[in-house]
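Here's a quick walk through a two-part story: one chain in overview, then a couple of local spots in its partner. Have the structure open as you read.

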Amino acid sequence: MRLRELVGPRFAVLTHWCPWRPADDWERELTGRPVPLDQSADDTLARAIGLAPRSLAVVRPDGYLAARITEPQVPAQLAPLVSAALRRATGWSPAT
Amino acid sequence: MVIAGAGPVGMVAALLLARCGVPTVVLEEQPRRIAVGSRSICVQRDSLDILERAGVGAAVAESGVTWTRGRTYYREHQVAEITFPVLGDSAFPPFVNTPQSVVELLLEDRIAAEPLVEVRRGQRVVGVEQDADGVTVSTSDSEVLGSHLVGADGGHSAVRESLGLPFPGTSYSDKFLIADLRADLGLTVPERRFYFDPPWNPGRQVLLHPQPGGVWRIDWQVPHDFDLDAERAGDGLDRRIRAVVGHGDYEIIWLSVYRFHQRRVPAMRVGRVLLAGDAAHVMSPFGARGLNSGICDADNAAWKIALDRAGRAGPGLLASYDTERGAAAEENLRVTGETMRFLVPGTDADRAHRTDVLTRAVTDEHARDQIDSGRLAEPHHYPDSPLTTPVHPGAVPGAEPAAARRALPGRPAGVGHAAA
């Protein structure tokens, strides 16, 4: 399943858990680049930003990809991963 | 929160801040809007995305026209033709040509309906002071207090001057005569034309861009001593226009003469004051990077200010504005500088290069790729920003080594992140 939720003020955290095989160029380094916000479907968006299966992305309010976190082993690891990425992106973390 | 300048950059910043729940006072020197002339005419897709978040993206897109064919000429020869037959399936076209005045009016209408934005006209900024708690902006007849200040008050920025910041760079001696003309050129599709060294403007260039409503924007490069009044007094202006539009009727909507500058401020942020748009950087219009980069500045500034006000920003968040947008300005100046070296060569070597490329381009299609009539920008990337989480092992708790990722079933072997 895919889950898109808001963490904090307009920070989209896109998680991508489906066993979807990414496009050939999924390993391209895209962090730090703007996400194509005109892609409405999560699956298309995930593909566009090279988000691997069982991974998540932190998208800044201006649409830039602040973090793309690959392969957390268990869902419980999501919170600290998101927290770390948000802390880096803003200096603020929802966990603190 | 205070914004100096009710131009497009200042208004976008105000609307994006309002979207974050931040009230703003916008100080504008002009007592009323002077919405004439095309000025910056090309709005790119990424800017349309930002404008949509500000509430006007769709309206701007609908107001404009997207040209699908571009022709380039050298003297009497057509040396290049590009076509964009497919606009794609995204919400917005790759760009639209629409007058800056239209964008400003749409933004102004949106602001009129936004209770969190107050525009105060006839207010010239004369001084800026700041401390750890906020900013005090002095105008000719008032003082305004705010948590932050965005200086979006144009190339002659009073905010920049108040901060004591220099504005180093270069200015070009040649001028450009620009005109908005309504005329029927008999073209079947919207078309952009670029003429290098045409017989009717020898030694210089002319650029022709479609606008909505059958209006054309024409830019003539002219000598530094060009005198528009003298040209209008005789038949020079009519002859100049006839060379482009032919013998049909035409209507002059707007005329102006301007010079190009390539300049940027050394720091786009000083404490709680952020400079945006032309107040921070000016560049030649070839490549449409001026207004578009200013809109990106506003977007970058707004959410950081909103988080800083809310106490949800780390100490480096505001500083990252200069890191990110300063790098974007640097790249835009580099690219437009290269274009200007081709369009207005300042050395014998540059002149020889331009002549060589254009001459070869008449018969050699490979030389056509070297013609530089302006490069549209992609959104600047921030891979080295302090806000961007590095994608390499150990950067994020729990991230696994690249080797392990590559070993997972279904993953192409031997492919890893460049930084891994």
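Helices (H or I, at least four residues) and strands (E, at least two) are DSSP runs, numbered from the N terminus. This is a predicted model, where local features need pLDDT of at least 70, side-chain atom pairs count only at pLDDT 80 or more, and totals for chains, interfaces and linings use all residues. Residues are numbered from 1 along each chain as its sequence is written, chains are lettered from A and ligands numbered from 1 in the order in which they are written, and side-chain values use heavy atoms, with hydrogens and water left out.

Chain A has 2 helices and 4 strands, in the order β-β-α-β-β-α from the N terminus. Of its 96 residues, 55% are buried (under 20% relative accessible area; exposed is over 50%, partly exposed in between; 1.4 Å probe, protein chains only).

Over in chain B, B:His77 sits in strand β5 (residues 77-83). Since its relative accessibility is 32%, B:His77 counts as partly exposed. Leaving aside residues up to four places away in sequence, B:His77 touches B:Thr72 and B:Val362 (contact means heavy atoms within 4.5 Å).

Now for a helix pair in chain B. The axes of α2 (residues 45-53) and α8 (residues 290-309) of chain B come within 9 Å and cross at roughly 45° (axes are lines fitted to C-alpha atoms, for helices over the stretch in contact, with angles from 0 to 180 degrees between N-to-C directions). The residues in touch are these:

| Helix | Contact residues |
|---|---|
| α2(B) | B:Asp46, B:Ser47, B:Ile50, B:Leu51, B:Arg53 |
| α8(B) | B:Asn292, B:Ile295, B:Cys296, B:Asp299 |
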